[in-house]
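Hi,

Here is the structure I promised to pass on. Have a look at it, and then read on for my notes.

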Amino acid sequence: MNRRDFLITTCVAALAPRITLASASFELVAQPVNAQILPEGDPTTPMLGFNGSTPGPVLRARQGDTFDIRFLNQIGEGSAVHWHGMRIENAMDGVPGMTQKVVERGAEFEYSFRAPDAGTFWYHSHNRSWEQVAKGLYGPLIVEERTPPDVDHDLIVMIDDWRVTESGALADGFDNRHDQAHQGRLGNFARALVEPNTPVRRGDRVRLRLINVATDRIFPIKLEGIDGKIVAFDGMPLPNPQGVSNLILAPAQRADIIADVTSADQIAFVFPTRDDPYLLGEIPVEGVNTTRQPSEVPALPPNEQKQPDFDNVVALTLTMQGGAMSRPVSTQTDIWAFNGQSGLTDTPLHRFERDQTARIRLMNDTRFPHGIHLHGHHFFEVGADGSLGAFRDTTLVGAGETRDIVCVFHNPGKWLLHCHMLGHQAAGMKTWVEVA
Ligand SMILES: [Cu+2]
């Protein structure tokens, strides 16, 4: 991809959603919306959204609080909402055909779940997600720490790409098999949407909650104008905050950054491409904060983790297969497969006892990277030296790469395990596990 692939480069963020404190009860209405994807003055884009906007409203609560959300489906086809990264009860996970019936057009569904973990999460459609998410059915879900870190601004940065025609409409072809066999549906226009879109001061300490909400595109992201650390991945605090260089977010992955503003002009989110860096978005800097004293970026308070039992480990292998430039797996399979199987089978990949520890070897035997997402749990990425790394819900496995993950299957129910490149999921790259 290069700069010319994008229609335009700069514009104002016009999709700013309203912030909503999830109080006792809240209505989330999926409906058609018109969004200003292209710059002001250019045509708006017919899309789907929640409560009149895409992205949908920011759902925000305190750790331990309960979200009571009445979902109303007014999009003219079936839908459902998945609360990505939330370790909640199975019946609330929002997967049609597995954890609930599809919410038909005109129907509604009551979601109610307690937020066990503080962190940066998001919600999105899980029905024909490759199309409904591409059309805009997603929003941020923020769970505040009981004692939040000391920052001057808490900003959500959603990074997305869209495939837009010159008339401003979303391009058709959501089920395009050529896209699905390659990297998926990649947009010709990308942007970082900042919420709230307010100026910051030089010297301010900011928390940036980056979410890759794109259906298929992996974003390497260079941050300019700040000095700080990554404090969490996929909602889960890092015991030791790490540097912000080499940040890569696969679809659905998140990174929380706490940083001090060093620029007098702007904080910039830059997508390095082969040709030129591409400016995804910026936060303006106005004025100077003269009172804040320099200090180390603190680690966030940890969320609960069950420690793996390495004396009793179930060892499994999940081999990613198929796609363009690979041998077809078999005549029985779709474009993509796990272990020779495409799509959901009657029996799960594995049935775990509750609290059982598993070490799953993710082998990518394809020519493309895959972002593998497990529902209802987080897992440790295992480093090359065997050490336990970040505690995530989605892991990016490069073409030809192998990565082990270690997971304590603590959450009873039926859980999807799938590629979060949604075009790959559509073309067979999904399976499920069951926890007793
Ligand atoms: Cu994939």
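To get you started: in which loop is P196 found? The answer is the loop between β11 (189-195) and β12 (200-202). Strands here, at least two residues of E, and helices, at least four residues of H or I, are DSSP runs numbered from the N terminus.

Two housekeeping points. This is a predicted model, in which local features need pLDDT of at least 70 and side-chain atom pairs count only at pLDDT 80 or more, while totals for chains, interfaces and linings use all residues. Residues are numbered from 1 along each chain as its sequence is written, and side-chain values use heavy atoms, with hydrogens and water left out.

For M325 it is about 65°, in the loop between β21 and β22 (336-338). R128 counts as partly exposed because its relative accessibility is 29%, and M325 counts as exposed because its value is 57%. The cut-offs for relative accessible area are under 20% for buried and over 50% for exposed, with partly exposed in between (1.4 Å probe, protein chains only).

**Salt bridges**

A search of the whole structure turns up 29 salt bridges, meaning a side-chain nitrogen of Lys or Arg within 4 Å of a carboxyl oxygen of Asp or Glu. Three of them are worth a click.

- R60 and D154 meet at 3.7 Å, N to O. R60 belongs to strand β4 (residues 58-62) and D154 to strand β10 (residues 153-162), so the pair ties together parts 94 residues apart in sequence. R60 is buried, at 10% relative accessible area, whereas D154 is partly exposed at 25%.
- D150 pairs with R292, and their closest N and O atoms are 3.1 Å apart. This pair links distant parts of the chain, with D150 in the loop between β9 (138-144) and β10, and R292 in the loop between β20 (277-288) and β21, 142 residues apart. D150 is exposed at 55%, but R292 counts as buried at 19%.
- E434 and R351 meet at 2.8 Å, N to O. Here E434 is in strand β31 (residues 430-435) and R351 in strand β23 (residues 350-352), 83 residues apart. E434 is buried at 19%, and R351 is exposed at 51%.

R60 and D154 turn up again in a network of salt bridges, together with R62, E144, E145, R207, R209 and D256.

**Pocket and cavities**

The largest pocket has a volume of about 340 Å³. Of the 17 residues lining it, R87, P116, D117, E304 and H410 are the closest to its centre. The lining divides into six nonpolar, five polar and six charged residues.

There are four cavities of 30 Å³ or more. The largest holds about 60 Å³ of space, and its lining includes W162, R163, R185 and L186. That lining has six nonpolar, two polar and four charged residues.

As for the terms, on a 1 Å grid over the protein atoms alone, a cavity is a set of points where a 1.4 Å probe fits but cannot get out, a pocket is an open set with protein on both sides within 12 Å along at least five of seven lines, and lining residues have an atom within 4 Å of a point. Grid points are joined across faces, edges and corners, and a volume is the space filled by probe spheres set on the points. Ala, Val, Leu, Ile, Met, Phe, Trp, Tyr, Cys and Pro count as nonpolar, Asp, Glu, Lys and Arg as charged, and the others, Gly among them, as polar.

Over to you!
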